[in-house]
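Good morning, colleagues. I would ask you to keep the sequence and the structure in view while I speak.

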Amino acid sequence: MSVRKKSQDRAQDDKRVLWHLRKIPLLSSVSPAKLQELIAQVDLREIPRRQVIYLPGDPGEQVYFINGGRVKTSKVTRDGKELTLAYRGAGQIFGELAVIDGSPREEMAEAMKNAIITELPVEVFRELLLADAKLCFQFMSEVGKRRKQLETKIEHLVFKDVQAKLAALLLELAEEYGQETEDGVQIGLKITHQEMANLIGSTRETISLTLAQFKKKKLLNMNGRTVVLLDQEGLRAVT
């Protein structure tokens, strides 16, 4: 390959990386000149579905931004039981706690759909935070929001029964992914019964039974992995 060809390819790669950096909401306050500097420090990766991005015990040396696809973070016990912590989608950050304490990973991150992610070294991101008060505030606001969500999740796991936990989950998914239809609010996220179970600390069989009960009460309807909420107020009453 000629030097000119290599140079052209490199220019195209740089443009692609810059385009993806500009699409990350959290980096919206970073100046164009600084984004240009970041090109040489980030790694843009394409992650196939079901590929693990990191495991518990891995070094917390990178922070990640999702440019496309969906990533799941979860805790897995030695006997294989899984508790899903969260799903993250396009534009969102994950692996963010490494920025605060730099400790090894405590959770697993896995691509649930083919994903494109931007990896940024933790030290580089810390420098950005120190130099940009608006970015630092936005980052800490996101961390605080996620802590509240986790506290709510723990409260549900400890104090609520399966029906209440599942109803709360469906309402949460509808708020984040809901699409208005003639029948009700369709959750624009295809999710399996096992994934629902992992999100609320239950089993697939129990989720299937509870969804059938909700359907019988005309609280929702299901078409394969697509859920349509027919009566949100009815679901709120269950919680």
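Let me begin with a definition: a pocket is an open set of grid points where a 1.4 Å probe fits, with protein on both sides within 12 Å along at least five of seven lines. Please bear in mind also that the model is predicted.

With that term in hand, I turn to the largest pocket, which has a volume of about 1400 Å³. It is lined by 42 residues, and those closest to its centre are Leu85, Ala86, Arg88, Arg146 and Gln149. Two or more lining residues come from each of strand S4 (71-76), strand S5 (82-88), S6, helix H5 (133-159), helix H6 (162-177) and helix H7 (193-200). Which of the elements gives the largest share of this lining? The contributor is H5, with 14 residues.

Taken along the principal axes, the C-alpha atoms fill a box of roughly 65 × 40 × 35 Å. The chain has 239 residues, of which 41% count as buried. Among contacts with a separation of 6 or more, 72% are between residues 24 or more positions apart.

Is Thr84 buried or exposed? Its relative accessible area is 0%, so Thr84 is buried. Leaving aside residues up to four places away in sequence, Thr84 touches Lys72, Thr73, Ser74, Lys153, Asn198 and Leu199.

Another open sheet is formed by 4 strands in the order S1-S8-S3-S6, and here too the pairing is antiparallel. Strand S1 (43-47) and strand S6 (93-94) stand at the edges with a single partner strand each, so one side of each has no neighbour in the sheet. S1 pairs with strand S8 (residues 115-121) in the antiparallel sense over 5 bridges, and Arg45 has Ile117 in S8 as its bridge partner. Lying across strand S3 (62-68), S6 and S8 is helix H4 (residues 122-131), which runs at about 75° to S8.

Let us move to helix H7, one of the elements that line the pocket. Why may H7 be described as largely enclosed by the rest of the structure? The reason is that 6 of its 8 residues are buried. The buried residues are Glu195, Met196, Ala197, Asn198, Leu199 and Ile200. They pack against S5, H5, H6, helix H8 (204-216) and S12. Just after H7 comes Gly201, which takes a positive phi of about 70°.

S12 pairs with strand S11 (residues 220-223) in the antiparallel sense over 4 bridges, and the bridge partner of Asn223 is Thr226. Together S11 and S12 form a hairpin with 2 residues between them, and Gly224 in the turn has a positive phi of about 70°. S12 is also joined by 2 bridges to strand S10 (residues 185-187), and these two run antiparallel. There, Gln186 stands opposite Val228.

My last stop is Ser103, in the loop between helix H3 (97-101) and strand S7 (108-111). How far is Ser103 from Pro59 in space, C-alpha to C-alpha? The distance is 7.0 Å, although the two are 44 residues apart in sequence. The side chain of Ser103 makes a polar contact with the side chain of Asp101, at 3.0 Å. With a relative accessible area of 25%, Ser103 is partly exposed, because that class lies between the buried limit of under 20% and the exposed limit of over 50%.

To close, I would return your attention to the largest pocket and to H5, which gives 14 residues to its lining. Thank you for your attention.

Terms used. Residues are numbered from 1 along each chain as its sequence is written. This is a predicted model: local features need pLDDT of at least 70, side-chain atom pairs count only at pLDDT 80 or more; totals for chains, interfaces and linings use all residues. Side-chain values use heavy atoms; hydrogens and water are left out. Buried means under 20% relative accessible area, exposed over 50%, partly exposed in between (1.4 Å probe, protein chains only). A polar contact is a pair of N or O atoms within 3.5 Å; within protein, one must be able to donate a hydrogen and the other to accept it, and residues adjacent in sequence count only if both atoms are side-chain atoms. Two strands pair if DSSP finds at least two bridges between them. Contact means heavy atoms within 4.5 Å. Axes are lines fitted to C-alpha atoms, for helices over the stretch in contact, and angles run from 0 to 180 degrees between N-to-C directions. On a 1 Å grid over the protein atoms alone, a cavity is a set of points where a 1.4 Å probe fits but cannot get out, and a pocket is an open set with protein on both sides within 12 Å along at least five of seven lines; lining residues have an atom within 4 Å of a point. Grid points are joined across faces, edges and corners, and a volume is the space filled by probe spheres set on the points.
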